[in-house]
Amino acid sequence: MTTTTQAPAAQAVALFEELTGHAPAGVWSAPGRVNLIGEHTDYNDGFVLPFAIPHRTYAAVGMREDGRIRVASTFASEPVEVSLDELTTLFPTATGAEPAVAEWAAYPLGVAWALQLAGATGTGVDIAIASDVPVGAGLSSSAAIESATASALNDLWNAGLDRTALAQIGRRSENEAVGAPTGIMDQMASMLAEPDAALFLDCRTLDANLVPLSMTEAGLAILVMDTRVSHAHSTGGYGERRAACERGAAAFGVPALRDVSIADLDRAAELLDEVTFRRVRHIVTENQRVLDTVRTFREKGPRAVGDLLVASHVSMRDDFEISSPELDVAVDTALAAGALGARMTGGGFGGAAIALVEQSAVETVSDAVTAAFAASGFTAPNIFTVTPAAGARRDV
Ligand code: GLA
């Protein structure tokens with residue numbers, strides 16, 4: 001039997017063997033991510049700066065001859081099995097509709113479907129998934145499933161797609177099979193990230209450049225403070241924010257808010273209603289903060305980016321209104337306890353915040369945040385440090 005005490009790679013293999021009675025053809029994995037800065041800018045054709053975290057999703061995969069695809073995971077009691085031909089009747093999922101299969105299964109099945117649409121063909125497959133990426137924490141557990149599955153099927157079906165194309169396959173699954181109207185950041189981070197670096201990504205051109213972070217050398221650490229308030233982007237606020245951004249771009253007559261600059265904000269205030277204006281101001285200033293952060297990393301090193309992280313959080317809290325009481329307490333407490341910078345990360349409405357801290361202050365800051373959560377009557381947070389890790393790969 002599979003047990004939760006095993007590492008996720010071994011869990012995936014054990015689950016595969018339990019399911020099929022034989023060993024997998026291989027094991028592929030892909031990481032979750034933390035975004036350092038650049039939130040909700042991706043679907044506005046803007047800039048983001050994520051890095052991969054050491055937590056990964058593993059997919060143990062093997063071929064079968066009957067043209068069927070079966071997915072199993074350690075977080076669901078029953079596998080889901082369909083014929084590869086049936087995928088086109090399951091997807092796309094109409095926007096706002098429930099996925100055509102259990103949500104966790106829609107991620108890998110949607111990847112197989114999107115690969116077929118991109119021209120890939122192959123035999124049936126069995127896929128067993130295990131992961132230690134926290135779910136619902138804003139750390140891209142879904143992109144990790146998509147990227148691990150896309151990497152595996154790309155190899156087994158000899159599709160020959162590059163990492164950027166595989167990220168686009170993952171995003172298509174997320175948007176059209178799961179029905180979450182997200183951008184491309186998470187899949188690009190999970191596919192292209194490298195150790196000790198962040199990925200500076202232009203979401204319009206998909207040009208990606210690595211920015212060395214050198215946190216450890218500088219005596220710094222990144223703390224993840226998972227509020228354990230779960231979020232879901234297929235419903236509610238995420239889509240509303242996206243719609244507000246589209247309204248803002250339309251009012252300017254430009255394809256995306258990427259094309260609006262800080263100098264245009266006075267005009268935006270005249271053109272837009274008050275709420276839409278604040279949504280637009282977040283995106284426009286956040287894009288600039290990403291550029292400033294990349295320059296600061298390169299010119300002055302990681303110790304100098306703290307204020308930009310804080311400004312980003314304030315903008316998300318007050319202008320974009322995607323923070324939560326738990327995220328604000330995490331950020332404020334971390335800063336008061338000596339963090340150099342802190343901000344919520346990911347889509348918002350729950351999930352996790354990050355803090356940039358001296359290695360010597362990791363415990364002090366963690367203890368302060370845990371105590372503040374207890375004093376506020378919140379669920380105890382899950383706090384841990386992360387180092388920038390590798391993107392998707394074949395492990396076995
Ligand atoms: C989620 C989405 C991303 C991005 C972030 C916010 O993680 O999946 O595409 O929009 O939210 O920056």
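A polar contact is here a pair of N or O atoms within 3.5 Å. The model under view is predicted.

**The ligand and its polar contacts**

Select the ligand together with Gly 183. A polar backbone atom of Gly 183 lies 2.9 Å from an oxygen atom of the ligand, a pair that falls within the 3.5 Å cut-off. An N or O atom in the side chain of Asp 186 is 2.6 Å from a ligand oxygen atom, and for the side chain of Tyr 238 the corresponding distance to an oxygen atom of the ligand is 2.5 Å. On its own the ligand has 310 Å² of accessible area, of which the protein covers 97%.

**The surrounding shell**

**His 40**

His 40 belongs to the loop between strand S1 (26–35) and strand S2 (47–48). Its phi is positive, near 65°, although the residue is not glycine. Is His 40 buried or exposed? Its relative accessible area is 4%, so His 40 counts as buried, the cut-off being under 20%.

**Glu 321**

Move to the loop between helix H10 (306–320) and helix H11 (325–336), where Glu 321 is located. Glu 321 is another residue other than glycine with a positive phi, in this case near 50°. Glu 321 has a relative accessibility of 36% and therefore counts as partly exposed.

**The cis peptide bond**

Select Phe 91 and Pro 92 and display the backbone. The peptide bond that joins Phe 91 to Pro 92 is cis, and its omega is near 0°. Pro 92 sits in the loop between helix H2 (87–90) and helix H3 (103–117).

**Helix H4**

Finally, select residues 141–156, which form helix H4. From the first C-alpha to the last, the 16 residues of H4 reach 23 Å, close to the expected 22 Å. H4 is mostly covered, with 15 of its 16 residues buried.

Technical notes:
Residues are numbered from 1 along each chain as its sequence is written. This is a predicted model: local features need pLDDT of at least 70, side-chain atom pairs count only at pLDDT 80 or more; totals for chains, interfaces and linings use all residues. Side-chain values use heavy atoms; hydrogens and water are left out. Helices (H or I, at least four residues) and strands (E, at least two) are DSSP runs, numbered from the N terminus. The expected span of a helix is 1.5 Å times one less than its number of residues. Buried means under 20% relative accessible area, exposed over 50%, partly exposed in between (1.4 Å probe, protein chains only). A polar contact is a pair of N or O atoms within 3.5 Å; within protein, one must be able to donate a hydrogen and the other to accept it, and residues adjacent in sequence count only if both atoms are side-chain atoms. Accessible areas come from the Shrake-Rupley method with a 1.4 Å probe; for residues, only the protein chains shown count as cover.
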